[in-house]
Amino acid sequence: MTSNGNLEWRVNMGDGTTEILRPEASFMKNIMMRIKNFIWGGLLLKAWKFLEKAWGIANSEPKKAVHGLKVGLALTIVSIFYYMRPLYEGVGGNAMWAIMTVVVTFESTVGATFYKCVNRVIGTSLAGCLGIGVHWIAAESGDKFEPIILGISLFLLASVTTFSRFIPSVKSRFDYGAMIFVLTFCLVSISGYRVEKLFELARTRISTIAIGTSLCIFVSMLFCPIWAGSQLQSLTARNLDKLAHSLDGCVSEYFENDDDTEEMKNNEDEKNNNSKVEGYKCVLNSKASEESMANFARWEPAHGRFGFRHPWKKYLEVGGVMRKSAYCIEALHGCLNSEIQAPNSLKLHLAEPCKALSSSSSEVLKELSIVIKKMKKSTKIDFLVSNMNVAVQELQNAIKSFPSTQMEVSLSEQEEEANNEDHKAATTTIPPLMKLLPLATLVSLLIETTSRIEHVVNAVETLANVANYDSEDEKKKPSSSDNHDHNVAMRVFPEA
């Protein structure tokens with residue numbers, strides 16, 4: 001018996017020791033313990049992780065949280081039509097259509113909200129008027145022909161409208177309206193066959209939809225508006241910066257990859273560098289976002305620095321030439337992970353001109369990003385392009401002056417290493433000349449990238465001229481030393 005007065009069972013073992021026998025927990029107690037562990041270790045832990053993730057999204061992208069609050073505000077206001085009897089009696093039980101309209105048409109940007117609201121009003125109005133007209137013709141034809149006329153009209157209009165959604169011009173601007181047109185015409189034509197007060201039904205539904213769409217536009221524009229045009233402008237500027245960092249990072253990493261004296265970097269620094277080097281992937285994957293934003297921006301009214309008929313298509317042209325440059329940078333990034341690498345002695349000969357060219361090219365891209373951000377023409381862009389062309393000429397001169405004796409020495413060193421050391425079979429079978437191809441590929445891709453960057457410059461300048469960007473102040477012009485370098489560059493490249 002223990003000190004607490006409870007019985008305790010002991011078993012004598014063969015070696016002279018004793019073991020305490022403890023009673024097994026009851027069946028109900030085991031179930032309660034499992035339920036407790038499930039609640040505390042499962043549901044509450046998952047709920048806490050979900051809240052942490054939601055807080056992280058709201059903290060990093062507050063526009064999403066603002067959009068949620070705006071939708072809640074719009075639904076609260078439109079629900080007054082149900083709560084207040086005078087308003088409810090004015091629209092009847094169809095007040096629910098106003099709530100449904102807010103739910104399906106309220107989008108995160110003003111342009112997307114305008115797009116859906118206008119399409120819904122036009123589609124509903126046209127389908128309602130056409131449905132009433134077809135119903136009147138069918139009713140005048142008699143009871144025998146009424147269902148036949150309604151069925152034929154429904155078949156023809158639904159088929160033609162659905163096919164029109166595949167036309168690019170219709171799909172980009174009126175795809176949602178075409179879908180609403182088919183839906184509304186079906187409701188009017190089918191319900192009109194049994195409902196007597198068809199005109200009253202159409203009137204109340206159109207009025208409630210008008211109430212819902214106008215409320216969406218009102219809340220979207222007045223409470224923390226999020227403009228699709230501004231987002232397109234910011235996306236284009238960010239992509240230019242990412243291209244600049246990727247180009248600079250690829251060339252720097254290639255020529256520093258085999259440096260034994262380089263100190264080891266921290267893991268966080270490596271992750272940051274990798275994210276900057278691989279920024280070109282965002283440019284390659286942004287085509288759909290750019291087209292969507294440009295389409296929604298067309299529906300937005302004049303706001304801020306964006307007037308009516310702003311050339312949003314020119315942003316798409318800039319994005320297209322940017323992607324062509326990103327493809328070259330992607331190929332440059334592939335040279336980093338190539339199994340066949342050029343010898344360090346040959347890399348060192350071209351390291352400085354290649355880095356100078358990548359640096360000057362990235363400066364051009366960064367300046368173009370500033371042009372789009374500030375919507376002001378740059379007075380330095382011609383000077384930066386001239387520097388880039390000078391860097392191209394210096395790289396070509398470095399290739400022409402490539403010492404043949406140094407190449408022969410490096411190739412003979414590779415042959416001796418392959419003969420004296422036990423390398424892998426895949427390495428020994430590679431001819432020494434093949435190890436020069438990655439370096440030649442990188443140089444050719446780098447020169448091709450600069451030519452494509454010039455197309456980006458032309459696209460941005462066209463955008464600046466069409467959109468009437470302001471000119472920079474005279475104070476921001478290059479200094480006298482810069483003008484001297486610019487004149488030298490113009491003598492080297494008179495066409496620049």
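Guide: A patch is made of residues with over 30% relative accessible area and no salt bridge, where like charges are joined within 9 Å and nonpolar side chains (Val, Leu, Ile, Met, Phe, Trp, Tyr) within 5 Å. A salt bridge is a side-chain nitrogen of Lys or Arg within 4 Å of a carboxyl oxygen of Asp or Glu. Accessible areas come from the Shrake-Rupley method with a 1.4 Å probe, and for residues only the protein chains shown count as cover. This is a predicted model, in which local features need pLDDT of at least 70, side-chain atom pairs count only at pLDDT 80 or more, and totals for chains, interfaces and linings use all residues. Residues are numbered from 1 along each chain as its sequence is written, and side-chain values use heavy atoms, with hydrogens and water left out.

Visitor: Which elements give two or more residues to the nonpolar patch?

Guide: Leu73, Ile77, Ile80, Phe218, Leu222 and Phe223 make a nonpolar surface patch of about 490 Å². Helices (H or I, at least four residues) and strands (E, at least two) are DSSP runs, numbered from the N terminus. The elements asked for are α2 (62-78) and α9 (198-222).

Visitor: Is Leu222 buried or exposed?

Guide: Leu222 belongs to helix α9. Buried means under 20% relative accessible area, exposed over 50%, and partly exposed in between (1.4 Å probe, protein chains only). Because its relative accessibility is 53%, Leu222 counts as exposed.

Visitor: How many residues apart in sequence are the parts that Tyr115 and Trp299 tie together?

Guide: Rings of Phe, Tyr and Trp (its six-membered ring) pair if their centres lie within 6.5 Å; planes under 30 degrees apart count as stacked, over 60 as edge-to-face and the rest as tilted. Tyr115 and Trp299 are edge-to-face, at 5.8 Å centre to centre with 70° between the planes. Both residues are buried. Tyr115 lies in helix α6 (residues 110-140) and Trp299 in the loop between α13 (287-297) and α14 (312-336), so the parts tied together are apart in sequence by 184 residues.

Visitor: Why is the pair of Tyr254 and Phe255 edge-to-face?

Guide: Tyr254 and Phe255 are both buried. Their ring centres are 5.2 Å apart, and the pair is edge-to-face because the planes are at 90°.

Visitor: Which side chain does the side chain of Ser378 contact at 2.5 Å?

Guide: Ser378 sits in the loop between β3 (376-377) and α16 (381-400), and counts as buried because its relative accessibility is 15%. A polar contact is a pair of N or O atoms within 3.5 Å; within protein, one must be able to donate a hydrogen and the other to accept it, and residues adjacent in sequence count only if both atoms are side-chain atoms. The partner at 2.5 Å is the side chain of Glu367.
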